[in-house]
Amino acid sequence: MYLYMTSGTKDFMEKLQERYKDEGLILMHGGGQSLLLHETEAKSFFQTPRRYEVISSTGNLKDEGFFVCNNVTVTDEGRPVFEHRFSSLQEEIESQPGFVAFRLLRPIGSDTYVIMTEWEEASNFDLWKSTPSYKNSHQMIDNKEFANSTTHIFASAPYITTFIAKKEDSER
């Protein structure tokens, strides 16, 4: 399975979503930008997408919800360790209230992995952040687990982007 992302103006992304309405695209907005997701086994029709291989997943992405993308730049030598550690993250969060879906995305043509979670509401994600499960899952990203390791896992500091996907009233 592959996941493709493209961004642009709200109007353009809405037109693209309408043009390919049978593809199950998810339109979301956040941080002053609009993002369109295309999850498929086939190639994407986006002209210049950010491309990812889905290497771990649970749940079905919905077209309404709160999306959190933890963007983590990983070195070539750190990829196997990172993938092994985070492929089990779904087990830690799938029982959390309001959890919808999880995707661990391996970049194609880039070095920035995306750990994507979808929640019913932002408040569900905020509640999860106060749990031991969250602290355990983010211990590796905070570099504490590998502080004395000879393997350099991270190329730069991770950053989080959040988006809200919501159907327009006319689509309900």
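## Salt bridges, strands and cores

Lys-129 is partly exposed, with a relative accessible area of 35%. This is a predicted model, and in it Lys-129 pairs with Asp-126 through a salt bridge, N to O at 3.6 Å. Asp-126 is partly exposed too, at 43% relative accessible area.

Searching the whole structure turns up seven salt bridges. Here are some of them:

| Pair | N to O distance |
|---|---|
| Arg-103 and Glu-39 | 2.6 Å |
| Lys-129 and Asp-126 | 3.6 Å |
| Arg-79 and Asp-76 | 3.8 Å |

Take Arg-103 and Glu-39, whose side chains meet in a salt bridge. Arg-103 sits in strand S6 and Glu-39 in strand S3, so this pair ties together parts 64 residues apart in sequence. Arg-103 is buried at 4% relative accessible area, while Glu-39 is partly exposed at 26%. Over at the Arg-79 pair, Arg-79 counts as buried at 18%, whereas Asp-76 counts as exposed at 65%. There's also a salt-bridge network linking Glu-53, Glu-83 and Arg-106.

Glu-39 comes up again in the strand pairing: Leu-3 has Glu-39 as its bridge partner in S3. Strands S1 (residues 2-8) and S3 (residues 33-40) run antiparallel, joined by seven bridges. S1 also pairs with S4 (residues 50-58), antiparallel over four bridges, with Tyr-4 opposite Arg-51 in S4.

On to the nonpolar side. The largest nonpolar core has 19 residues, and Phe-82, Phe-102, Ile-115 and Trp-119 have the most contacts inside it. A second, separate core holds 18 residues, including Leu-3, Met-5, Leu-35 and Tyr-52. As for Phe-102, the residues it touches include Phe-86, Leu-89, Ile-93 and Ile-115.

Key:
Residues numbered from 1 in each chain as written. Predicted model: local features only at pLDDT ≥ 70, side-chain atom pairs only at ≥ 80, totals over all residues. Heavy atoms only, no water. Core = buried A, V, L, I, M, F, W, Y, C linked by side-chain atoms within 4.5 Å. Buried < 20%, exposed > 50% of the residue type's maximum accessible area, 1.4 Å probe, protein only. Contact = heavy atoms within 4.5 Å. Pairing = 2+ DSSP bridges. Helix = DSSP H or I, 4+ residues; strand = E, 2+ residues; numbered from the N terminus. Salt bridge = Lys/Arg side-chain N within 4 Å of Asp/Glu carboxyl O. Lists of a residue's contacts leave out its neighbours within four places in sequence.
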